[in-house]
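Have the structure open and follow along.

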Amino acid sequence: MADEADSERQTLPEGVLAQHRHLAALIERLRHAHEEGRSWDDLARLLDELLADVVDHFTSEEATMERGGYPRLAEHRTQHRVFLRRLEALRIECDRQQTELMPVLTELLQSWFRQHEATLDRHAI
């Protein structure tokens with residue numbers, strides 16, 4: 001039996017799904033890298049890659065929504081900014097070489113991303 005979230009995701013265009021899979025994989029790589037005790041430099045590189053790809057994706061997604069006249073674009077942009085702030089906070093933690101928040105923030109990122117994709121993105125694109 002197909003998972004309900006999987007069937008909901010099928011309504012998104014394949015290009016968006018591919019971007020989402022890529023971002024989810026980067027978040028997972030970051031989580032695993034931290035769990036494995038990788039160096040702060042390695043974690044910083046992963047975070048920088050994730051930040052750049054997230055900004056590109058959000059910019060593209062918002063432009064698509066704007067062209068399509070999506071009525072909840074302002075709310076969607078706000079959600080994107082929240083995610084970016086969390087990601088930037090995680091990057092700061094990495095620069096400070098503090099581990100206390102890394103597991104919590106990576107879990108928040110994963111949860112937020114799954115929820116966002118299954119709800120707002122599904123209805124917007």
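The paragraphs below go from helix packing to an aromatic pair and then to salt bridges.

A word on the ground rules: this is a predicted model, in which local features need pLDDT of at least 70 and side-chain atom pairs count only at pLDDT 80 or more, while totals for chains, interfaces and linings use all residues. Residues are numbered from 1 along each chain as its sequence is written, and side-chain values use heavy atoms, with hydrogens and water left out.

Begin with helix 3, residues 40-67. Helices here are DSSP runs of H or I with at least four residues, numbered from the N terminus. Helix 3 has 28 residues and reaches 40 Å from its first C-alpha to its last, close to the 40 Å expected at 1.5 Å a residue; the expected span is 1.5 Å times one less than the number of residues. After helix 3 comes Gly69, with a positive phi near 70 degrees.

Now bring in helix 4, residues 73-96, which packs with helix 3 at an angle of about 170 degrees, the axes being 10 Å apart. Those axes are lines fitted to C-alpha atoms over the stretch in contact, and angles run from 0 to 180 degrees between N-to-C directions. Helix 3 is therefore roughly antiparallel to helix 4, a label used for angles over 145 degrees. The residues of this contact divide into 16 nonpolar, two polar and eight charged. In that count, Ala, Val, Leu, Ile, Met, Phe, Trp, Tyr, Cys and Pro are nonpolar, Asp, Glu, Lys and Arg are charged, and the others, Gly among them, are polar.

How many aromatic pairs does a search of the whole structure find? It finds one. Phe58 and Phe83 form this edge-to-face pair, 5.8 Å centre to centre with 70 degrees between the planes; rings pair if their centres lie within 6.5 Å, and planes over 60 degrees apart count as edge-to-face. Phe58 lies in helix 3 and Phe83 in helix 4, so the pair ties together parts that are 25 residues apart in sequence. Phe58 is buried, with a relative accessible area of 4%, and Phe83 is buried at 0%. Buried means under 20% relative accessible area, exposed over 50%, and partly exposed in between, using a 1.4 Å probe and protein chains only.

Turn next to the charged side chains. A salt bridge is a side-chain nitrogen of Lys or Arg within 4 Å of a carboxyl oxygen of Asp or Glu, and by this rule the count comes to 11. One of them joins Arg91 to Asp48, with the closest N and O atoms 2.7 Å apart. Arg91 lies in helix 4 and Asp48 in helix 3, so this pair ties together parts 43 residues apart in sequence. Arg91 is buried at 16%, whereas Asp48 is partly exposed at 38%.

Arg91 also forms a salt bridge with Asp95, the closest N and O atoms being 2.3 Å apart. Both residues lie in helix 4, four residues apart, about one turn of the helix. Asp95 counts as exposed, at 53% relative accessibility.

Finally, Arg29 and Glu49 form a salt bridge, with the closest N and O atoms 3.8 Å apart. Arg29 is in helix 2 (residues 14-35) and Glu49 in helix 3, 20 residues apart.

Key
Helices (H or I, at least four residues) and strands (E, at least two) are DSSP runs, numbered from the N terminus. Angles under 35 degrees count as roughly parallel, over 145 as roughly antiparallel, 65 to 115 as roughly perpendicular and the rest as oblique. Rings of Phe, Tyr and Trp (its six-membered ring) pair if their centres lie within 6.5 Å; planes under 30 degrees apart count as stacked, over 60 as edge-to-face and the rest as tilted.
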